[in-house]
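Could you walk me through this structure in the viewer, one selection at a time? I would like to know what to click next and what is there.

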Amino acid sequence: MQYDVIVIGSGPGGYVAAIRCAQLGLKTAVIEKYSTFGGTCLNVGCIPSKALLDSSEHYHNAAHNFEAHGISLSNLKLDMKKMIDRKNDVIAQNTAGITFLFKKNKIDSFQGVGSFVDKNTIKITKEDGATEEIKGKNIIIATGSKPTALPFLPVDKKRIITSTEALNLTEVPKNLIVIGGGVIGLELGSVYARLGAKVTVVEYAKSIIATMDAGLGKELQRVLKKNLGMEFLMGHKVSGAATKGKKVIVTAEDAKGQAVEIEGDYCIVAVGRTAYTAGLGLENIGIKTEERGNKIPVNDHLETSVEGVYAIGDVIKGAMLAHKAEDEGIYVAERIVGQKPHIDYNLIPGVVYTWPEVASVGKTEEQLKEEGKKYKSGSFSFKASGRAKASGDTDGFIKVLADADTDEILGVHMIGPRAADMIAEAVVAMEYRASAEDIGRICHAHPTFTEAFKEAALAATSNRAIHA
């Protein structure tokens, strides 16, 4: 074999898997269809969206919050081109970093579409149609996902767009329609709402971020409406969309079955993502994808039905999260060399990078009730946090769920300032099966946002919160 491992795809799962394989002494190659490494996350997903979220948050604070801090501005202007250029520069820095890491770890890279000839032979088809073949003892499929398409809602990439096009708008829409109240829709909706757009979110479910603890969605909807003026049409079933000149008309049915029309300058379709397997040639090695979501079936060790062929990240079961893909990439690399790694899927945190941020790990209250699990709940509001008052970030709360008998932490759910960073403490605690009282007895620096986690843990432990 030319290689010990061939990785198809260079997103967070693929490039991390390749680096870990190389660290373990395996001769490794990566195949990437695009001209830059990093997949969706670095090029049109996590990284560029966070760059725009940060830029838009600076602008929003300058326009609405600086005066309260004694900072007066006049003639505040938005340079959309410069904001997009900065975002592109951030992308370039990150993708260049992966190129450097591949060279540092002596990983061979190939540009083109990788497809199976047999379970050890991969054909690489380049942009000009030229092909070559390489052989590997083990293959890792890390081809990620793409925005889900709806047959009754054709995307023209001009006015009816996906998250990819939304990252490159050259103007701030006066009226922006977002179909889907999940993470992607709310983050991008927040970006443009901060910049001055009137944003309307159309969601079929009864709550936004429906897979997270219900209390988080309720609070986030309240805050986004209050702070950014976002409008939410819940329980609405979208039936179509059409462009009329520079306008988009979205048609839907409300919860009572009444026809509704929503007009905007742009419409972002953000109803989820679908596993991307096009061109892989899975049929050549006998792998069939699942009907729902097009995902590749794998066993508990992330191996497909074909020995030596693995799949990780968005292309398999589970949450579509970059950090999940990274952990799975490391897991497979270490399995290949005979180590015994583990992943606890219950302890993979989820984050929404709105402001306030939303973060969650473990079981929700709804899940615990469904399982019939006896639990205790403790919450603490950021309104009572000294640090939050000082920074003006008093929206939100932290909730700790603990076993009613053992006090082991079962879930932590937070909405508030820097929740994306604070959730890490909860993950560490739960990895080591800490109790709520353990967190309540750990000294947290004052004044910090993390004190709210300690207070919520104390609240879950015999209602002992000090500042509530």
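**A tour by selection**

Start by selecting helix H8, residues 322–336: Glu 328 and Lys 324 both sit in it, four residues apart, or about one turn of the helix. Keep in mind as you go that this is a predicted model. Show the two side chains and you will find a salt bridge between Glu 328 and Lys 324, with the closest N and O atoms 3.0 Å apart. Are these two residues buried or exposed? Glu 328 is buried, and Lys 324 is too.

Next, select Lys 363 and Glu 371. They form a salt bridge as well, and the closest N and O atoms are 3.0 Å apart. Here Lys 363 is partly exposed, at 25% relative accessible area, and Glu 371 is partly exposed at 47%. While you have salt bridges on your mind, select Glu 219, Arg 222, Lys 226 and Asp 395 together: salt bridges with shared partners join them into one network.

Select Glu 171 and Arg 159, whose closest N and O atoms are 4.0 Å apart in their salt bridge. This pair links distant parts of the chain, twelve residues apart. Glu 171 is in the loop between helix H5 (163–166) and strand S9 (175–179), while Arg 159 is in the loop between strand S7 (145–147) and strand S8 (160–161).

Now turn to the surface and select Ile 71, Leu 73 and Leu 76. Together they form a nonpolar patch with about 250 Å² of accessible area. Leu 73 lies in the loop between H3 and helix H4 (80–104), and its relative accessible area of 48% makes it partly exposed.

Finish at the second largest pocket, with a volume of about 770 Å³. To centre your view, select Glu 57, Asn 61, Asn 65, Trp 355 and Asp 393, the closest to the pocket's centre among its 30 lining residues. Which helices each supply at least two residues of the lining? Highlight H3 (46–64), H7 (214–228) and H11 (419–431). H3 gives the largest share, seven residues. Colour the lining by class and you will see eleven nonpolar, ten polar and nine charged residues.

Key
Residues numbered from 1 in each chain as written. Predicted model: local features only at pLDDT ≥ 70, side-chain atom pairs only at ≥ 80, totals over all residues. Heavy atoms only, no water. 1 Å grid on protein atoms, 1.4 Å probe; cavity = no way out; pocket = protein on both sides within 12 Å on 5 of 7 lines; lining within 4 Å. Points joined across faces, edges and corners; volume = space filled by probe spheres on them. Nonpolar A, V, L, I, M, F, W, Y, C, P; charged D, E, K, R; others polar. Patch = residues over 30% accessible without salt bridge, like charges linked within 9 Å, V, L, I, M, F, W, Y side chains within 5 Å. Areas by Shrake-Rupley, 256 points an atom, 1.4 Å probe, with all protein chains shown as cover. Buried < 20%, exposed > 50% of the residue type's maximum accessible area, 1.4 Å probe, protein only.
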